[in-house]
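Colleague: I would like to learn how to read a model like this one. Could you take me through it, feature by feature?

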Amino acid sequence: MKKLRVIARLDIKNNTVVKGIHLEGLRVVGRPDELADRYYSQGVDELLYVDAVASLYERNSLTEIIKAAARRVFVPMTVGGGIRKIEDITEILHSGADKVAVNTAAIRNPEFLRQAVHKFGSQCIVLSVQAKRRGPGQWEAYTETGRERTHRDAIAWIREALALGVGEVLLTSVDAEGTKKGFDLELVAAAARVCAVPLIVSGGAGSAQHLVDVLRTPGVDAVAMASVLHYGLLTIGDAKSALRGDGLEVRL
Amino acid sequence: MKLVVVDYGLGNLYNLGNAFARCGRTVEVSHDPAVLRAADALILPGVGAFGDGKRRLEALGLDAVIRSAAEAGAAILGICLGMQLLMDTSEEFGLHQGLGLIAGEVLHFHSHPAFDRSAKVPHMGWNDILPQREHPLLRGLAAPDMYFVHSYYARAADASQVLATARYGGVEFCSVVGRGRILGCQFHPEKSSASGLRLIENFIGMIEDSL
């Protein structure tokens, strides 16, 4: 039986792990190596690193962080934030990451996604979608960590990117992100209906019940959490116990 | 003990090196036939398409080197695409010949008549492996979770060479294959946490015992 994945998300700025609300107002919450070790020892299924600044200078420090993590953490690692060129992907994969998540560059130039999939394979390329509610049953895709509008329907954009061959989708609700008030379940369900590849949902986890609620949605494969872990409200073990207690399959 | 990761341009060699280092062993990463011939064990990694992988091995002249190393008694561990390349043939984007070290074929999940089409392909994530027989490679691994990423699976012609299976989309497929010292796993042990590291330790132990 394939297991639902519980993923820890580490937003990186100036060699520290930071966390904001609605992807803004970043506060330092810890050191990347310490948090990676902690979540790995708690049984995390995957790590997601996001470059919160997405500058060239930041990239160099991020690759060093990934290299160090790859020596100690033996679960898949995904890296996103500021990936603009094929060479960026090469560099990140050579640091020890298994997958890269692309948002802004993909939506500005969908051909970039196609090239990335062709060169590295679908399994390496994750489409990152930052979705913000615009009305009932309507979400717009945002870029630049939730700041820039694209005037594109988020669900339609997922459909288009799937046709270009992305191997996984990371969906973040900008509205719910950092609030710890639960996932935007309506958004998650809408995305899950069109997503033929694994779907990771992020943004809003505040309790074990939130995780149960979102992972009960058909078509959701994984959940990514940040605040709730960084602030010690839940451990990976707590999360998995709750999911298992509710009859969901997780890796122990 | 000389462990060599076959570098043919596919697969995350850095992470394999890290995982073996965690198990106390240094691996050499090489595509030099002389280095491969001198190895006690070859690790054949791989991510990507079968045909591309085979072409790259052939272009470097490594397909023949790997086959003769296997005949000479070197241990081999194929990982993911590396396991699939051990087989005779694959139907990935046309019919391709593999290394032929293990009799069998590589098929798409959708080629299996019983596969549940509502299951997502690729099969990506953690899944239990189900050991089918006692084997030193699987020592201490009772129904552990391993990390898989694949759309194709290997079907060994000789069922006794299926050391473990896994289930996905209503189908049971070979997750660990072995013929003597030629071994392969469909999942990524280097990304499968403590269970994966245990399998790597077991592999190292098998080579130690035979030296």
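Predicted model: local features only at pLDDT ≥ 70, side-chain atom pairs only at ≥ 80, totals over all residues.

Colleague: Start with chain A. What secondary structure does chain A have?

Modeller: Count the elements before looking at the packing. Chain A has 10 helices and 12 strands. Along the principal axes, the C-alpha atoms of chain A fill a box of roughly 45 × 45 × 40 Å.

Colleague: How does the radius of gyration of chain A sit against that of a compact globule?

Modeller: The idea is to set the radius of gyration against a rule based on chain length. For 252 residues, a compact globule would come out near 18 Å. Chain A has 16 Å, which agrees. Buried residues make up 54% of chain A. Then look at sequence separation. Take the contacts in chain A between residues at least 6 apart in sequence: 66% of them join residues at least 24 apart.

Colleague: Now helix packing. At what angle do the axes of H3 and H5 of chain A cross?

Modeller: Read the angle and the axis distance together. Helix H3 (residues 86-94) and helix H5 (residues 110-120) of chain A cross at roughly 40 degrees, and their axes come within 10 Å. That angle makes H3(A) oblique to H5(A). The crossing is right-handed.

Colleague: Which residues make the contact of H3(A) with H5(A)?

Modeller: From H3(A), they are Ile86(A), Ile89(A) and Leu93(A). H5(A) brings Gln115(A), Ala116(A), Lys119(A) and Phe120(A). By class, this contact has five nonpolar residues, one polar and one charged.

Colleague: How are H6(A) and H7(A) oriented: roughly parallel or roughly antiparallel?

Modeller: Angles under 35 degrees count as roughly parallel. Helix H6 (residues 154-163) and helix H7 (residues 185-194) of chain A pack at about 25 degrees, with axes 9 Å apart. H6(A) and H7(A) are therefore roughly parallel. H6(A) passes H7(A) in a right-handed crossing. Ile155(A), Ile158(A) and Arg159(A) of H6(A) meet Ala190(A), Ala191(A) and Val194(A) of H7(A). The contact of H6(A) with H7(A) divides into five nonpolar, no polar and one charged.

Colleague: Next, the backbone. Where is the peptide bond from Val121(B) to Pro122(B), and what is its omega?

Modeller: Omega is the angle to check here. The bond from Val121(B) to Pro122(B) is cis, with omega near 10 degrees. Pro122(B) sits in the loop between strands S7 (104-108) and S8 (123-128) of chain B.

Colleague: What phi does Asn15(A) have?

Modeller: Asn15(A) has a positive phi of about 65 degrees although it is not a glycine. Asn15(A) is placed in the loop between strands S1 (5-13) and S2 (16-21) of chain A. It has 13 C-beta neighbours inside 10 Å, so Asn15(A) counts as partly exposed.

Colleague: And Phe93(B): buried or exposed?

Modeller: Phe93(B) is exposed, with 11 other C-beta atoms within 10 Å. Its phi is positive too, about 50 degrees, and it is not a glycine. Phe93(B) lies in the loop between strands S5 (89-90) and S6 (96-97) of chain B.

Colleague: What surrounds Gly53(B)?

Modeller: Count neighbours, then list the partners. Gly53(B) lies in helix H3 (residues 50-59) of chain B. Gly53(B) is buried, with 26 other C-beta atoms within 10 Å. Beyond four places away in sequence, Gly53(B) touches Leu10(B), Gly46(B), Gly48(B), Leu81(B) and Leu85(B). Tyr8(B) is 45 residues from Gly53(B) in sequence, yet 7.7 Å away in space, C-alpha to C-alpha.

Colleague: Last, the interface. How many residues of chain A are in contact with chain B?

Modeller: Count each side separately. In chain A, 23 residues are in contact with 26 residues of chain B. The chain A side has nine nonpolar, five polar and nine charged residues.

Key
Residues numbered from 1 in each chain as written. Chains lettered and ligands numbered in written order. Contact = placed C-beta atoms within 7 Å. Nonpolar A, V, L, I, M, F, W, Y, C, P; charged D, E, K, R; others polar. Axes fitted to C-alpha atoms, helices over the stretch in contact; angles between N-to-C directions. Helix = DSSP H or I, 4+ residues; strand = E, 2+ residues; numbered from the N terminus. Parallel < 35°, antiparallel > 145°, perpendicular 65-115°, else oblique. Left-handed = near helix turned anticlockwise from the far one by under 90°. Buried ≥ 20, exposed ≤ 12 C-beta atoms within 10 Å, placed from the backbone. Rg over C-alpha atoms; globule rule 2.2 N^0.38 Å.
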